[in-house]
There are 2 protein chains.
Amino acid sequence: MTADSANEFTKRSFLTLEQAIRNDLAEGRLAVDRRLPSERELAERYRTTRITLREALSHLEMDGLIYRENRRGWFVSDRRLVYNPLWRTDFQRMTREQNRQASTELIEAVSAVAPDDICALLEQPSGTEFWRIRRRRRVDDRLVVFVEHHLSKAVFADILEQDLTGSLTNLYREKYALEYGDVSFEINPVALTGMSATELHCSDGTFGLQIVRVNRDQTGRILDCDVEYWRHDAVSIRIDTRDSIP
Amino acid sequence: MTADSANEFTKRSFLTLEQAIRNDLAEGRLAVDRRLPSERELAERYRTTRITLREALSHLEMDGLIYRENRRGWFVSDRRLVYNPLWRTDFQRMTREQNRQASTELIEAVSAVAPDDICALLEQPSGTEFWRIRRRRRVDDRLVVFVEHHLSKAVFADILEQDLTGSLTNLYREKYALEYGDVSFEINPVALTGMSATELHCSDGTFGLQIVRVNRDQTGRILDCDVEYWRHDAVSIRIDTRDSIP
DNA sequence: TAGTGGTCTAGACCACCCT
DNA sequence: GGGTGGTCTAGACCACTAA
């Protein structure tokens, strides 16, 4: 890791700093094992202050080149996972098809009263209890999405006895003989706060993508509702009407 | 506009400042005609520095509560426009159905060699010339999206003679007897830079949503490709497989 | 425990917008 | 031309991570 580009870096304009870091990243001069040096070291190397440096890093973060883990430092982003919310292939399989490796961690699985907006989406009166399953997923070891599922307690009476770190899609099919039917979803750019930020190890206010899905079975009955919070640089949504919707 | 809440504001913790601003916004104490006071005035009111204040404002910006126009100041965001990229209803109609008012400005309409990635999407060799139409759109007078269209020169030989501030969908149908068929699109969270930032009057690096669409006619022939850059707080994507795809 | 990122202070200059 | 936002300096303390 040489400091060549730092020596060339004389103008202090903001974009020049950003560009210098961008170049060093592209040519692999900056990150060791995907991890950037500390902010103080970077500030010194580019002869600027931490505040200015952090402003530049934030720009690169918004552009999806790097990301940070809360109080752990800055890392180089990997390529985005391509995700089609209309497909019900399970997560493991989706990542495997893209030559990535996925893992899922169960955070909690409890019975709980859903918030009013979730009850409305599930077409149940306010105050209804559902199974609430919270999980988070990694792709190639990086935390990329926090998911909160709300499931009908009547339909999935004994779901807490199942292995909830695997694919719910497969569980539905194999244990409950349910096939997915229609899907509706909503995508919103949001700030990750509270539990989504905590679980994804990102600082409060980091930018993310919220995806709210309502899944139905083959008869049109509402099965469940997922609220997903993605790290914004980890995902690319793609939909093609020529694809069959399995 | 009283300063009550500012007087209550004693702790200087970051979240407290953010929360104080959030409360004042919610109760209408902060913005006059959707515009916030200057940063210096806000810093004084909340007894903090501009740097800290801007950090808090950036959080609220990421959360979609406020936005800024480059060098013009901070404004309160309006509700999001609901957008279904599978629908080909024109923009005017879509906004009208949501009781909003839309307008479109033509930036340029020229013949130009498309970048390699666009040529690939349009399934043409690199270096192919297309009509390049750049426009920007407002909803209720706010700039919300910058769009770049690439159209086949063969199919739309005389399109530059048409009114390009209206709906291209309607032009296709009325002047060229073309109906839309399949659509594919891709949604990426990105930083708005260069022309998209300039045209949307936002500062370089502002967070946005990029939507790349490839539209086909009823026979499957590729018609055009749109690249849209949305201000992130202005849009909510919604898709429902129960909707017919007109 | 040392070092890190997260937050904060108290200033400053410049380019640009608005009047 | 005055005021704005955009950028920058040179420090500081604290909570937390990593060793």
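Modeller: Happy to! A contact here means heavy atoms within 4.5 Å. With that in hand, look at chain A of this predicted model: among its contacts between residues at least 6 apart in sequence, 57% join residues at least 24 apart. Chain A is built from 8 helices and 10 strands, and its C-alpha trace spans about 65 × 35 × 30 Å along the principal axes. Of its 246 residues, 53% count as buried.

Now for the charges. Chain A carries 36 positive and 41 negative side chains, and the centres of these two sets lie 4 Å apart. Over all chains, the structure holds 52 salt bridges.

Let us start with a pair in chain A. A:Glu148 and A:Arg134 meet through their side chains in a salt bridge, at 2.6 Å from N to O. A:Glu148 belongs to strand E6 (residues 142-151) and A:Arg134 to strand E5 (residues 129-139), so the pair links distant parts of the chain, 14 residues apart. Both A:Glu148 and A:Arg134 are buried.

Next, move to chain B, where B:Arg138 forms a salt bridge with B:Glu105; their closest N and O atoms are 2.5 Å apart. This pair also links distant parts of its chain, with B:Arg138 in strand E5 (residues 129-139) and B:Glu105 in strand E4 (residues 102-113), 33 residues apart. B:Glu105 counts as partly exposed, because its relative accessibility is 24%, and the buried class takes in values under 20%.

Another bridge in chain B joins B:Arg216 to B:Glu123, with 3.4 Å between the closest N and O atoms. Since B:Arg216 sits in strand E8 (residues 206-217) and B:Glu123 in the loop between helix H6 (116-121) and E5, the pair ties together parts 93 residues apart in sequence.

Finally, here is how the two chains sit together. Chain B can be laid on chain A with an RMSD of 0.0 Å, by a turn of 180 degrees and a shift of 0.0 Å along the axis. The two copies are therefore related as by a two-fold rotation axis. The same surface serves both of them, as 100% of the contact residues of chain B recur in chain A.

Terms used:
Residues numbered from 1 in each chain as written. Chains lettered and ligands numbered in written order. Predicted model: local features only at pLDDT ≥ 70, side-chain atom pairs only at ≥ 80, totals over all residues. Heavy atoms only, no water. Least-squares fit on C-alpha atoms with pLDDT ≥ 70 in both. Salt bridge = Lys/Arg side-chain N within 4 Å of Asp/Glu carboxyl O. Helix = DSSP H or I, 4+ residues; strand = E, 2+ residues; numbered from the N terminus. Buried < 20%, exposed > 50% of the residue type's maximum accessible area, 1.4 Å probe, protein only. Lys, Arg positive; Asp, Glu negative; His and termini not counted. Charge placed at Lys NZ, Arg CZ, Asp CG, Glu CD.
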